[in-house]
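The sequence and the model are shown first, and a description follows.

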Amino acid sequence: MEITSNSTISTAIEGLKKASAQIEESAQNVAEGSLDPADIVSLSLAATSFKANAAVIRTENETTQALLDITA
């Protein structure tokens, strides 16, 4: 199965959206006074997911630029 640049970036963008929604939900729970440790863990996991998806986009862009430099 071949993964194209567009699908890679689209998948990473969806991951960013999900992580952002998870951060908002957990942060709201904490702001409302939730003492559930799961909310703190969720914030941490969402932040890690956000960073990982951003890294995918950055790597895709760097790879595309390197290929363009080779063919230019």
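Lysine 17 is exposed, with a relative accessible area of 51%. In this predicted model, lysine 17 is the partner of glutamate 14 in a salt bridge, and the closest N and O atoms of the pair are 3.6 Å apart. Glutamate 14 is itself partly exposed, at a relative accessible area of 40%. An α-helix has 3.6 residues a turn, so residues three or four places apart point the same way. The structure holds 1 salt bridge.

| Residue | Relative accessible area | Class |
|---|---|---|
| Glutamate 14 | 40% | partly exposed |
| Lysine 17 | 51% | exposed |
| Aspartate 36 | 41% | partly exposed |

Aspartate 36 is placed in the loop between α1 and α2. At the start of α2, a side-chain oxygen of aspartate 36 comes to within 3.0 Å of the backbone nitrogen of alanine 38. In sequence, aspartate 36 and leucine 16 are 20 residues apart, while their C-alpha atoms are 24 Å apart in space.

Aspartate 39 is part of helix α2 (residues 37–71). Aspartate 39 is buried but has no salt bridge, and the nearest side chain of opposite charge, that of lysine 18, is 19 Å away. Leaving aside residues up to four places away in sequence, aspartate 39 touches Ser26, Asn29, Val30 and Ser34. The buried residues of α2 are Asp39, Ser42, Ala46, Asn53, Ile57 and Glu60. Helix α2 has 35 residues and reaches 52 Å from its first C-alpha to its last, close to the 51 Å expected at 1.5 Å a residue.

Turning to the chain as a whole, the protein chain has 2 helices and 0 strands. Its radius of gyration is 17 Å, well over the 11 Å that the globule rule gives for 72 residues, so the protein chain is more spread out than a compact globule. The C-alpha trace spans about 55 × 20 × 15 Å along its principal axes. Of the 72 residues in the protein chain, 17% are buried. Among contacts between residues at least 6 apart in sequence, 68% join residues at least 24 apart.

Notes
Residues numbered from 1 in each chain as written. Predicted model: local features only at pLDDT ≥ 70, side-chain atom pairs only at ≥ 80, totals over all residues. Heavy atoms only, no water. Helix = DSSP H or I, 4+ residues; strand = E, 2+ residues; numbered from the N terminus. Buried < 20%, exposed > 50% of the residue type's maximum accessible area, 1.4 Å probe, protein only. Lys, Arg positive; Asp, Glu negative; His and termini not counted. Salt bridge = Lys/Arg side-chain N within 4 Å of Asp/Glu carboxyl O. Contact = heavy atoms within 4.5 Å. Expected span 1.5 Å × (residues − 1). Polar contact = N/O pair within 3.5 Å; in protein donor to acceptor, adjacent residues only side chain to side chain. Rg over C-alpha atoms; globule rule 2.2 N^0.38 Å.
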